[in-house]
Amino acid sequence: MEFIEDTESYRDHIATVDQEGKRIWMYPKKPSGRFYNYRTWVSFAFLVLFLVFPFIKVNGSQFLLFDVIHRRFVLFGILFTPQDFYLFGLAMLTMFVFIILFTVVYGRLFCGWVCPQTVFMEMVFRKIEYWIEGDGNDQRRLNSAPWTSDKIRKKTLKHLIFFVIAVVVANYFMAYIIGTDEVLKIIREPVEMHVGGFIGMLIFSGIFYGVFAFLREQVCTTICPYGRLQGVLLVKDSIVVAYDFIRGEPRGKLKNNVPRIPWKAFRSKMPSSPPVIVSTANFVSMFARRALISEMVRNWNALTARHVLMHVTW
Ligand code: SF4
């Protein structure tokens, strides 16, 4: 047991920060495979909806509008005003309960397939990066290489495209907040007539560019409240792709005279648990197993992050 505790130091820090507190830049390998292809198609559908919804009108109202400034909210063409706030309260309560139960069963499914941060980062910006700079190792080599004309050309092209996409996303984002008609006016009419709107566009463009070009996965580990909560929402039966410390620790290349963890023997002593299998049958059976939910409720107070992480790695 002592041997296993020694290998768990990776839990004491996040993998994207070094000993001095500096960021470790990630160079993920270009993914491929059946599920990645599915995710690409699902993301493509979300992106189409994101781009189309601002132009759909129902009975003269925008299909989806979250006009915080004028306190007008339109969901699927139905107008909600501050008088309907009690509905918002009920919807929030329902959503929180749903999110908790959904995460217990399906793990980070939302993060991987639905979250806008993932859809834009992995399916738009990352794909452009792979196209311009190559796979993860090529990107690493390029970043550590001196500033040649080829590097300048690639970096300039990448950041130019990133910024243009960020501006487009910012405009669409504002269309959901102040309305498509208002955004079109800001675009078509002189800047001095819409100084506030123009500044808003610049700010949102800068935010989106900063998030997708530089901040990236840090959003999940440091900003997103859902990401922070997941440590206490997962149980051993949650469907989640997680780091398997028994196979991965200690890190580094295999050496003849350095002992590895006898992970097969160790795993055989662990409580049996279904492997992480992502299939429809697995989804259904997980949802049907009420014991999972009751186990969560029973163990709620005992669910420390460490406890859950141990579960997850099993
Ligand atoms: S942790 Fe938050 S930002 Fe990150 S993928 Fe999940 S929901 Fe999205």
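Modeller: A residue is buried if 20 or more other C-beta atoms lie within 10 Å of its own, exposed if 12 or fewer do, and partly exposed in between, with C-beta atoms placed from the backbone. The model is predicted: local features need pLDDT of at least 70 and side-chain atom pairs count only at pLDDT 80 or more, while totals for chains, interfaces and linings use all residues. Residues are numbered from 1 along each chain as its sequence is written.

Colleague: As what does F204 count, given its C-beta neighbours inside 10 Å?

Modeller: F204 lies in helix α9; helices (H or I, at least four residues) and strands (E, at least two) are DSSP runs, numbered from the N terminus. Because F204 has 19 C-beta neighbours inside 10 Å, the residue counts as partly exposed.

Colleague: With which residues is F204 in contact, leaving aside its neighbours within four places in sequence?

Modeller: Two residues are in contact if their C-beta atoms, placed from the backbone, lie within 7 Å. Beyond its neighbours within four places in sequence, F204 has as its contacts A170, F173 and M174.

Colleague: Against which elements do the buried residues of α7 pack?

Modeller: Helix α7 (residues 149-178) reaches 43 Å from its first C-alpha to its last, close to the 44 Å expected, the expected span being 1.5 Å times one less than the number of residues. Its buried residues include F162, A166, V169 and I178. They pack against β3, α5, α8 and α9.

Colleague: Which strands stand at the edges of the open sheet, each with a single partner strand?

Modeller: Three strands form this sheet in the order β3-β4-β5, with antiparallel pairing; two strands pair if DSSP finds at least two bridges between them. Four bridges join β3 to β4, and L64 stands opposite L75 in β4. Each edge strand has a single partner, so one side of each is left without a neighbour in the sheet; these are β3 and β5.

Colleague: How do the residues of the shell around the ligand divide into nonpolar, polar and charged?

Modeller: The ligand is surrounded by C111, C115, Q117, T118, V219, C220, C224, Y226 and G227, where near means a C-beta atom, placed from the backbone, within 6 Å. The elements that give two or more residues to this shell are α5, α10 and α11. Ala, Val, Leu, Ile, Met, Phe, Trp, Tyr, Cys and Pro count as nonpolar, Asp, Glu, Lys and Arg as charged, and the others, Gly among them, as polar. The division is six nonpolar, three polar and no charged.
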